[in-house]
Amino acid sequence: MRRIAILGATGSIGGSTLDVVARHPDRFRVTALTAHRDVERMFELCLKFNPAYAVMADTTAARDLEQRVRGAGLDVVVLGGTDGLVEVAALPEVDIVMAAIVGAAGLLPTLAAARAGKRVLLANKEALVMAGDLFMAEISSHGAELLPIDSEHNAVFQCLPHGDGDLPARGVERILLTASGGPFREYAAGDLHEVTPEAACAHPNWSMGRKISVDSATLMNKGLEVIEACWLFGVDAGRVEVVVHPQSVIHSLVSYSDGSVLAELGNPDMRTPIAHALAWPERMVSGVAPLDLVAVGQLDFQAADTSRFPCLRLAYEAMRAGGAATAILNAANEVAVAAFLDRRLRFTDIPSVIDEALSALAPGKAGDLEQILDWDARARHVAQRSVGAHQTHIQA
Ligand code: NAD
Ligand code: MG
């Protein structure tokens with residue numbers, strides 16, 4: 001029986017994880033669940049999964065949950081705040097931690113899981129984008145196991161050669177990340193100006209949280225994934241390429257020096273990479289329907305267009321610049337996306353805000369955790385100011 005903590009249990013990845021886990025009551029026990037402030041949903045999850053711990057990052061929400069749980073006579077320890085998130089990520093009685101908090105808020109608990117030597121299932125790509133060097137060092141020095149949940153990286157992981165060592169020396173020429181192109185793939189540049197948060201969140205193939213949906217629409221999601229791939233697989237950005245593949249059936253590919261290209265295919269459903277990482281190196285049922293290639297009919301590919309979607313270019317530039325640049329990119333993007341969702345910033349101003357933060361801060365070394373958090377705070381401050389300068393009101 002493997003015991004699991006799910007960070008971000010009320011979200012899209014959290015829900016898919018619980019769906020997979022519930023199919024295997026003989027293999028997994030839900031030991032801890034965390035959420036931001038959705039008490040109603042967390043209470044339902046407590047009733048259904050009876051975890052030993054439930055954490056609300058918001059301390060007022062934690063007090064509400066405590067009352068609900070006591071009222072129902074449940075034997076669940078309720079904790080609150082970042083300390084509570086960090087505590088359950090490192091519990092001695094937990095074997096597997098699903099890191100599925102969105103954004104920089106996931107960094108500290110995900111690092112705590114790495115330091116406690118857990119099997120870390122990483123959905124929270126922002127943690128790696130902020131602190132890749134530090135995070136990878138903590139994983140290896142504490143004997144933790146890191147398995148990618150992002151569908152592209154999980155696909156790459158499945159297509160890589162077995163064993164350790166430098167990938168190019170083992171014949172890996174390139175990692176090819178597929179991108180759906182998002183809901184605005186076919187929009188003319190002039191039409192991107194007026195797009196709404198609702199349109200950005202209506203992803204053609206995947207149902208996801210609002211932040212990652214906007215990132216998919218700007219192609220920043222693919223940019224964050226390029227950075228994520230560099231850290232996870234220890235390669236330079238020059239070895240990671242992006243190809244637009246609107247059907248999202250090929251989840252990514254690895255190209256070898258002999259001309260072989262290996263791909264992982266499947267229906268676009270996050271339960272596949274989640275089940276893969278939970279069971280690895282075994283396989284288990286995920287609830288995902290088998291792929292029907294005849295029904296898919298055709299697979300298309302296009303180049304990514306960084307003139308309409310400059311966020312992808314900004315991410316490559318930040319990875320090449322190194323040091324704190326990717327932490328600044330991530331923080332400015334989080335501020336810009338939140339402002340867009342709030343109708344305070346145009347879609348086309350998202351890359352401008354990020355570019356301005358990168359230029360204003362002339363990033364140096366990333367440094368230790370404290371310095372990374374300081375870069376993050378400074379980038380947020382600069383980005384807020386630049387959102388103010390671009391400020392607009394987007395009609396519904
Ligand atoms: P979501 O918005 O649906 O869920 C986010 C979860 O994080 C929720 O449980 C929420 O309560 C929690 N959370 C939010 N803010 C928090 C805070 N300040 N403190 C503590 N907890 C907080 O997001 P999602 O789509 O499930 O994505 C989660 C992560 O997984 C993101 O990093 C995303 O990039 C990554 N990811 C998601 C998908 C997908 O299909 N949804 C695919 C690949 C990667
Ligand atoms: Mg992805």
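Leucine 219 sits in the loop between α9 (210–218) and α10. Helices are DSSP runs of H or I with at least four residues, strands are runs of E with at least two, and both are numbered from the N terminus. The phi angle of leucine 219 is near 75 degrees, a positive value in a residue other than glycine. Leucine 219 counts as buried because it has 30 C-beta neighbours inside 10 Å. The cut-offs use C-beta atoms placed from the backbone: buried means 20 or more other C-beta atoms within 10 Å, exposed means 12 or fewer, and partly exposed lies in between.

This is a predicted model, in which local features need pLDDT of at least 70, side-chain atom pairs count only at pLDDT 80 or more, and totals for chains, interfaces and linings use all residues. Residues are numbered from 1 along each chain as its sequence is written, while chains are lettered from A and ligands numbered from 1 in the order in which they are written.

Arginine 343 also has a positive phi, near 60 degrees, and is a residue other than glycine. Its loop runs between α14 (325–341) and α15 (350–361). Arginine 343 is partly exposed, with 14 C-beta neighbours inside 10 Å. Another backbone feature is the peptide bond from tryptophan 280 to proline 281, which is cis, with omega near 5 degrees. Proline 281 belongs to the loop between α11 (271–279) and α12 (293–296).

Now the domains. The assignment gives domain 1 (2–149), domain 2 (155–303) and domain 3 (322–390). Such bounds come from an automatic or database domain assignment. The C-alpha centres of domain 2 and domain 3 are 25 Å apart. Their contact takes 12 residues from domain 2 and 10 residues from domain 3. Contact between two residues means that their C-beta atoms, placed from the backbone, lie within 7 Å. On the side of domain 2 that touches domain 3, α8 (197–201), α9 and α10 each supply at least two residues. Helix α9 gives the most to that side, with 5 residues. By class, this side of domain 2 has 7 nonpolar, 2 polar and 3 charged residues. Nonpolar covers Ala, Val, Leu, Ile, Met, Phe, Trp, Tyr, Cys and Pro; charged covers Asp, Glu, Lys and Arg; the others, Gly among them, count as polar.

Where does ligand 1 lie? Domain 1 and domain 2 both give residues to the shell around ligand 1, so it lies between them. The ligand is surrounded by 25 residues, of which the closest are Gly8, Gly11, Ala105, Met208 and Gly209. A residue is near a molecule if its C-beta atom, placed from the backbone, lies within 6 Å of it. Helices α1 (12–22) and α6 (125–141) each supply at least two residues of this shell. Helix α1 gives the most, with 3 residues. The shell divides into 13 nonpolar, 8 polar and 4 charged residues.

The "binding site" annotation in the unreviewed UniProt entry covers nine positions by name: Lys125, Ser151, Glu152, Ser180, His203, Ser216, Asn221, Lys222 and Glu225. UniProt positions are given in the numbering used here, feature names are shortened, and annotations may be inferred rather than shown by experiment. Glutamate 152 lies in helix α7 (residues 151–159). Glutamate 152 is buried, with 28 other C-beta atoms within 10 Å. Leaving aside neighbours within four places in sequence, glutamate 152 is in contact with Leu177, Thr178, Glu225, His251 and Ser252. Glutamate 225 is in helix α10 (residues 220–233). Glutamate 225 is buried too, with 30 other C-beta atoms within 10 Å. With the sequence neighbours within four places again set aside, the contacts of glutamate 225 are Lys125, Asp150, Glu152 and Leu177.

Thr178 leads on to the strands. Strand β8 (residues 172–179) pairs with strand β9 (residues 240–244) in the parallel sense, over 5 bridges. Two strands pair if DSSP finds at least two bridges between them. Threonine 178 has valine 243 as its bridge partner in β9. Strand β9 is also joined to strand β12 (residues 302–303) by 2 bridges, and these strands run antiparallel. Here valine 244 stands opposite glutamine 302 in β12.

The last stop is arginine 2, in strand β1 (residues 2–7). Arginine 2 is partly exposed, with 15 other C-beta atoms within 10 Å. Not counting residues up to four places away in sequence, arginine 2 touches Arg27, Phe28, Asp95 and Ile96. The C-alpha atoms of arginine 2 and arginine 313 are separated by 41 Å, and the two residues are 311 residues apart along the chain.
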